[in-house]
Structure formats: C-alpha cells, structure tokens
Amino acid sequence: DDELELYHLQINNIEFAKQYREFTGREWLSLYPLRSKPMYNMWNADYYKQQHWVATKETHFVKEPPEHLLGRLSDNEMHRDRSDPIKRDHRKLEQYRSSSSVNVTMEEGGDIDIGVQSDEEPESESESDAFLNMTLTVLSTHPRVFEIKNFLSPVEVDHIVHMATGMKLSLSTTSGSDGRDARSDTRTRTSKNSWVNRSRSPIMDSIYARAADLMQIDEALLRHRNEKEDNEHHFAKKGHNTSHKYGAAHRRSNAEDLQLVHYSTSEQYTAHHDFSYPSLHHQDQPARFATLLLYLNEGMKGGQTTFPRWRNGHTGKKLTVEPEIGKAILFYNQLPDGNMDDLSQHAAEPVQHGEKWLINLWTWDPSFR
C-alpha cells in the first residue's frame, strides 16, 4: 500500500510539473501536493536597487563585554521573556551596545557613520528604546538577493573570529536531504568549517535575534522552545500566519547552527544550491528557505559570492558580490509558491590571495529535520 501511494504521488507530481512549466516557464522542483507555500514573510524584489528598511532592538555591540559575561547561555536564559526590558538584558550588556536609535551607513572613506534617527538628538532616551535600522538593497530580482551593509559591527566580527580561532575546523562537506553534512567532496568544496550554536554567547544569541528581525521571523522560531512557550502566540505577536498547517507542530529550532567557514588561497565552493530534496516520506517536505551570508573579512583577491544564473536585462555575466566586513547577503532558496528556486544557484569563487571568513545561517520551512 505504501509503495502504491508513493507511485500515485509521483504520477500526480509529474502531471503537475507539466502544467507548472506551461504556466510559469520554470521547472517544478518540489513535490505536489505535499509542498505548501512558505509560512514566512518574503521581502519583495521588484526592481534593482529597491530598498526595504526594518528596525531591530538588537543593536550593535560597540564595545566587547568582559569575558565573564560572554559565557554560554543557560536554558532559562534562552527561554527568558525578551519583551521584558529587564529580563531581556539579564546580563546587563546594554552598556556595551550602541545606546541611541541609529541608522548605520558607510561613508565614502570606509568609516561607519552612526547617526541618530531623528533630525535632532534627543535629550534622553532609555536604553530599552534604542534600535538599529537595517537597510536591505535588492541586488537581483530573480533570484531574490539582498545586500545589508554593516549587519555586524567590528566588535561582533572580532568576537566571532576569536571564537573561531579556538575551534577545530574540519573539511567542509556538502549537505544531505536532512540538512546535515553528508559527504566531503574536494572537487566542489575545499573550505574548512565549524558550527556555532546560538547559545554559545550573548553576542551569538543577539545575532540570531537580529537576523530574525531582518527576515521578519519570530526569534523564538530560531531556537528550541520549551513547553511553556506557545508557537501560535509567537506567530500572532508579529502578524504571522497562524493558519499554516505546520505553524506550531513542533518546538525545535527552524534554523541550523551558524556555519563558520574559512577559505584559504585556492579554496572555493563551485556553483551549487543550498536546498536539497527531502525524502518522499516527509509529509511536510522540509527544505532550506533562506540563506543569510555574513562576511567577516575583506581585502582578499577573489573569494566573491556569485550567482551565475540570475536573470536581468543588461548582461549575461554572473552577479558578483564582493566580501565586506560585517556585510550580510540574504537570498531565498524557495519561491513564494513553494517551489525551489533553481536560479538561487551560487558559488564561492576561488580565493586567489589571502583568506576569507564568513558565517552562514540557514532557515528552514516549514521545519528543520
């Protein structure tokens, strides 16, 4: 019976794929009817250089806290009520963050300009009112690729790299259908990597929460939730779709641990997709939804992130993104209709001179399996 059911599933999927190709001109890379539309927000990418703005209370760390405040977060700390200013800053770290509501932009000379949001600097502002305004700039509409300058502060970059140098980096592997490393293949990927859990330090926790605000996803979905936390409450709090049939079915994190990657001279990752194909037995067809790349250094020769199959009306050359310290690149591995985005194929170009450091954050839809 199980094999017969899978047979009919494949037949229906093949027929749907034909109709999908006729209607959209694109190949159907998901499984009909099991694959649903993504439950998350997706930023529009209607034209080149289009911009979106989003504010977050996860302001930059501008001064590194002392070592005793940077230890691993306990379960109680991870599950604290983050809407309460006192509980949110349980380790008293606000004094090490930017304390005014700011926009962060890059001046021509390369210095970070931190400016107050209003025309006049307020006479006083409580630390709990401080926010960071992040700007997403469209680099490509097909696939949807966005650039976010200065997502990380220099202090945060230094903190991540400092943690990295104390970790054992293993040869990077390619991902299996469950998102976990499956095999090492030096023909496609020659970098070295390690994994950093969200609870590793308060700064890592803050980076996850800031990423959640950037993608308009409740931060609770990017961590394990205890039995006292209700997923539907988290969805409703930020206007997420509570009717999605997979919305609150589990308490696991929908994000992987941060993948810290190091490329030495001549190392690369040839063109690939971040999504994989789930087993037919997965009823909800989980897959990577979005990729957030965070660059930790710059100045190397080569090492660009490229999208060889992007579509535009001006050039047949691949889209090339230069690494810059603290910059983030967000792109979606899925389309709004639930299909995998074949155009999201990308590559890490060979480092010709120097080295390259970055971290990846992968968010799954509807769940991380």
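The 23 residues of helix α1 should span 33 Å at 1.5 Å a residue, and the end C-alpha atoms of α1 are 32 Å apart, which agrees. The expected span is 1.5 Å times one less than the number of residues. Helices (H or I, at least four residues) and strands (E, at least two) are DSSP runs, numbered from the N terminus. This is a predicted model, in which local features need pLDDT of at least 70, side-chain atom pairs count only at pLDDT 80 or more, and totals for chains, interfaces and linings use all residues. Residues are numbered from 1 along each chain as its sequence is written, and side-chain values use heavy atoms, with hydrogens and water left out.

Leu-6, Leu-9, Asn-13, Ala-17 and Tyr-20 of α1 are buried. Buried means under 20% relative accessible area, exposed over 50%, and partly exposed in between (1.4 Å probe, protein chains only). An α-helix has 3.6 residues a turn, so residues three or four places apart point the same way. Just after α1, Gly-25 has a positive phi of about 80 degrees.

Leu-4, Tyr-7, Ile-11 and Ile-14 make up a nonpolar patch with about 390 Å² of accessible area together; Tyr-7 lies in α1. A patch of negative charge gathers Asp-1, Asp-2, Glu-3 and Glu-5. Asp-2 belongs to α1 (residues 2–24) and is partly exposed, at 41% relative accessible area. Patches consist of residues with over 30% relative accessible area and no salt bridge, with like charges joined within 9 Å and nonpolar side chains (Val, Leu, Ile, Met, Phe, Trp, Tyr) within 5 Å. A salt bridge is a side-chain nitrogen of Lys or Arg within 4 Å of a carboxyl oxygen of Asp or Glu.

Helix α5 (residues 202–215) has 14 residues and reaches 20 Å from its first C-alpha to its last, close to the 20 Å expected. Of the 14 residues of α5, 14 are buried, so α5 is largely enclosed by the rest of the structure. Gln-216 follows α5 with a positive phi near 60 degrees.

| Bond | Omega |
|---|---|
| His-142 to Pro-143 | near 5 degrees |
| Asp-365 to Pro-366 | about -5 degrees |

Pro-143 sits in the loop between β4 (132–140) and β5 (145–148), while Pro-366 is in the segment after β19 (356–365).

Lys-92, not a glycine, has phi of about 55 degrees and is exposed at 52% relative accessibility. Gln-285 has phi near 50 degrees, and is buried at 5% relative accessibility. Lys-92 lies between α3 (85–88) and β2 (102–106), and Gln-285 between β11 (269–272) and β12 (287–295).

Conventions:
Areas by Shrake-Rupley, 256 points an atom, 1.4 Å probe, with all protein chains shown as cover. Lys, Arg positive; Asp, Glu negative; His and termini not counted. Charge placed at Lys NZ, Arg CZ, Asp CG, Glu CD.
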